[in-house]
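I opened my notebook to write down what I looked up, one item at a time.

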Amino acid sequence: MSRNHIQDNHRKRYGQFFSGRKVAELLAALLPEDITIDSIIDPMAGEGDLLKAVQSKLAEGGRIVGIEIDPPVATTCAGVLPDAKIFNTDAFVCDDAVTDEGWNLVITNPPYVRYQLQDGADGVIASGEIIRKNLVERLYSLPHLPPKDRELLLKLAKGYSGLSDMAVPSWLLCASLVKMDGLLAIVVPETWLSREYAAPIQYMLAKCFDILAIVRDVNACWFDDVLVRTCLVVAKRKPVCLLNEIDYPVLCLDLESSLIDNDSLIGKMEYCGRIGFNALSVVLAEGKDVDGEGYALSSKRSSEIFLGMADIAKTAKWALLEDRNVARYTTVIPANILSAIAKPNYTGDFITLGDLGIACGQGLRTGANGFFYLDINDEDERCFSISVKPWQGNNRDISIPKHNIIKALRNRTQVDGLTVSVDDLHSGVLYIQSEARQTDLNRCSNPGIYAVLDDAIAGYINDAERYCDEKGRTFRDYSAVKPNERKAGNAYLRFWYMLPPMAQRHLPNLCMTRVNASSAECIYIHQEPRNPIAVDANFVTLWGAESRAVAIAFALLNSVWTKCYLECVCTIMGGGALKLEAAHLRKLRFPRYSDTELDILERFGKELMRNGSMDSSLLKDIDMATLHPVANVEDAVKQLDRLLLRKLSERGAER
């Protein structure tokens, strides 16, 4: 195994993306200038970049502490910060993080370790279960937490999803250490904050903090090998409040790569004759909307930052009862969308896709696309002819029984128009459930549950086990493939080449591309019970039990209302692409429709299914039907058309 592979595995295991001097200094510059800081801690200190950037802000006689679990990194951190106390231990069990009053400033870049790696296998990083247990125990031990705050944090700690990245408990730990009126300063990927499993963190921020500033890396250029925007967040601790009490301005600053020079991320920023950090200081102090060369500052309402949180709190097990009660009567619509129907004075109710009987999720994630996805050349009654893979080391195609392949939609380029059927697709996913290689049957806990796998597939698996990628890994070694194996003692229940059983989200009725260069659109999947279509994780997937609901949703999701709504709530990535997640679709709200209005939407949805593509006439019909409950429909559609064009232009996209 190469040294680089060992280093990559080590970084992945520890979730290490070190901040670096430039990011650290920018985050430090976002802190209020008029505060006195007598205690600073970084519970996941890394090489000490963040602590070094803020150590000059520490009051005389103050305390500065760093905690780092990785021994060589902790040693580096201690060398960088000789006047700080650096502890080489797990932050979740470090008693030196506990103080009577909490910390003035908690600053960190939390680790991003996927849940599949939180197994405790190496004896260094604790398992996800142990991390949760340690977090709960720590929350009980913090003397500065008021009872109400402790109650909230404990509900979140006990209730966050087991599929969460390690950043979720890390956020909760860091937030719990901040004293009242103290500051939390954190480095976070922008897309991470939109992930569904991060909803408890958004809820915690809404309830316990006032966000002072959010700064975004527009071109995703602050970190090497990171394809999403980075966000810097600074927030001030406050007593727990109700969700409906959140209404304050938040400074949101977008920074482009053109501002970067050798010294800083904003070395070329100019404002009122000032340059760099001096310009930033004035821009933040004035707090007014500015559209400068390479940057833009806007003041948004906190209710817009936490859009949809009230709806999530209605059913979330980690939400306090007080918010569930309030949330029942709270619906937040993006201000730009609301303004389009405000003139007609729409006072009706809103509904969700869930109210229509439509669920949302994410498509199939195989963990090893190079193995599981197959290109189909030809077929007969029994078999598919599959193209040889470059890693197989031979030129022969292989013939695989049809029952071992499910046709698959992997990307938008496979679809011509807005509908797709099984005959349109020439790729598939290897799907083995009730068969195993002859050589594996002897290793089974119950060999009788499996038939013998076809020789061609067995040979394909054998080739895959001999192949190593450039990092020295076999497909079986991939972190997302390892969970496929199941054992009872030393005997196998399932093998690495067996994907988990397909769920409804993998075989949906509708899907939408997650990364969109132009406006978002919805695709209809013509599912046949005997020949289903699997949809890749490149798509957000949607499904419903009733064909009527699917047709209605198909029409609504291709309307200008939906396109505008998603432009307002989704994440814009580096390069201007719109990143769409299932959580965003759950935030969608539509005017409540009468049965007659739903009949019309169903009719247009079915017409779109038959046509397979959208023309201007049908689009107008769908837009008018979507906004029919609004009094002045035509005016509302025109306003949304203009809004969509403006939003697309702002991120450099085409309609």
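The entries below go through the sheets, the helices and a few single residues.

**Ground rules.** I am working with a predicted model, in which local features need pLDDT of at least 70, side-chain atom pairs count only at pLDDT 80 or more, and totals for chains, interfaces and linings use all residues. Residues are numbered from 1 along each chain as its sequence is written, and side-chain values use heavy atoms, with hydrogens and water left out. The labels H and E come from DSSP runs numbered from the N terminus: helices (H or I) have at least four residues and strands (E) at least two.

**Entry 1: the sheet of 10 strands.** I looked up the strand order of this open sheet and found E3-E2-E1-E4-E5-E7-E6-E8-E12-E11, with mixed pairing. Two strands count as paired if DSSP finds at least two bridges between them. Which strands stand at the edges? They are E3 and strand E11 (290-292); each has a single partner strand, so one side of each is left without a neighbour in the sheet. The twist averages 15 degrees from one strand to the next.

Strand E5 (residues 178-189) and strand E7 (residues 230-237) run antiparallel and are joined by seven bridges. Alanine 185 has valine 234 in E7 as its bridge partner. Helix H7 (residues 167-177) packs on the sheet and touches E4, E5, E6 and E7; the direction of H7 makes about 155 degrees with that of E5. Contact here means heavy atoms within 4.5 Å. Angles run from 0 to 180 degrees between N-to-C directions, and axes are lines fitted to C-alpha atoms, for helices over the stretch in contact. I also noted helix H2 (residues 20-29), which lies across strand E4 (103-108), E5, E6, E7 and strand E8 (249-255) and runs at about 35 degrees to E7.

**Entry 2: two single residues.** Is arginine 216 buried or exposed? I found arginine 216 in strand E6 (residues 209-217), and at 18% relative accessibility it counts as buried. Buried means under 20% relative accessible area, exposed means over 50%, and partly exposed lies in between (1.4 Å probe, protein chains only). Leaving out residues up to four places away in sequence, arginine 216 touches Glu190, Trp222, Arg229, Thr230, Cys231, Leu253, Asp254 and Leu255.

Proline 82 sits in the loop between helix H4 (71-80) and strand E3 (85-87). It counts as exposed, at 63% relative accessibility. From C-alpha to C-alpha, proline 82 and tyrosine 140 are 32 Å apart in space, and they are 58 residues apart in sequence.

**Entry 3: H6 against H8.** Helix H6 (residues 147-159) and helix H8 (residues 199-208) have axes 10 Å apart and pack at an angle of about 175 degrees. H6 and H8 are therefore roughly antiparallel to each other. The classes are these: under 35 degrees is roughly parallel, over 145 roughly antiparallel, 65 to 115 roughly perpendicular and the rest oblique. On the H6 side I listed Leu152, Leu153 and Leu156, which meet Pro200, Tyr203, Met204, Lys207 and Cys208 in H8. By type, the contact residues of H6 with H8 are seven nonpolar, no polar and one charged. Ala, Val, Leu, Ile, Met, Phe, Trp, Tyr, Cys and Pro count as nonpolar, Asp, Glu, Lys and Arg as charged, and the others, Gly among them, as polar.

**Entry 4: H18 against H22.** The axes of helix H18 (residues 560-569) and helix H22 (residues 633-650) come within 9 Å and cross at roughly 40 degrees. That makes H18 oblique to H22. Val560, Trp561, Lys563, Cys564, Glu567 and Cys568 of H18 make the contact with Leu640, Asp641, Leu643, Leu644, Lys647 and Leu648 of H22. These residues divide into eight nonpolar, no polar and four charged.

How many of the 10 residues of helix H17 (residues 547-556) are buried? Eight are, so H17 is largely enclosed by the rest of the structure.
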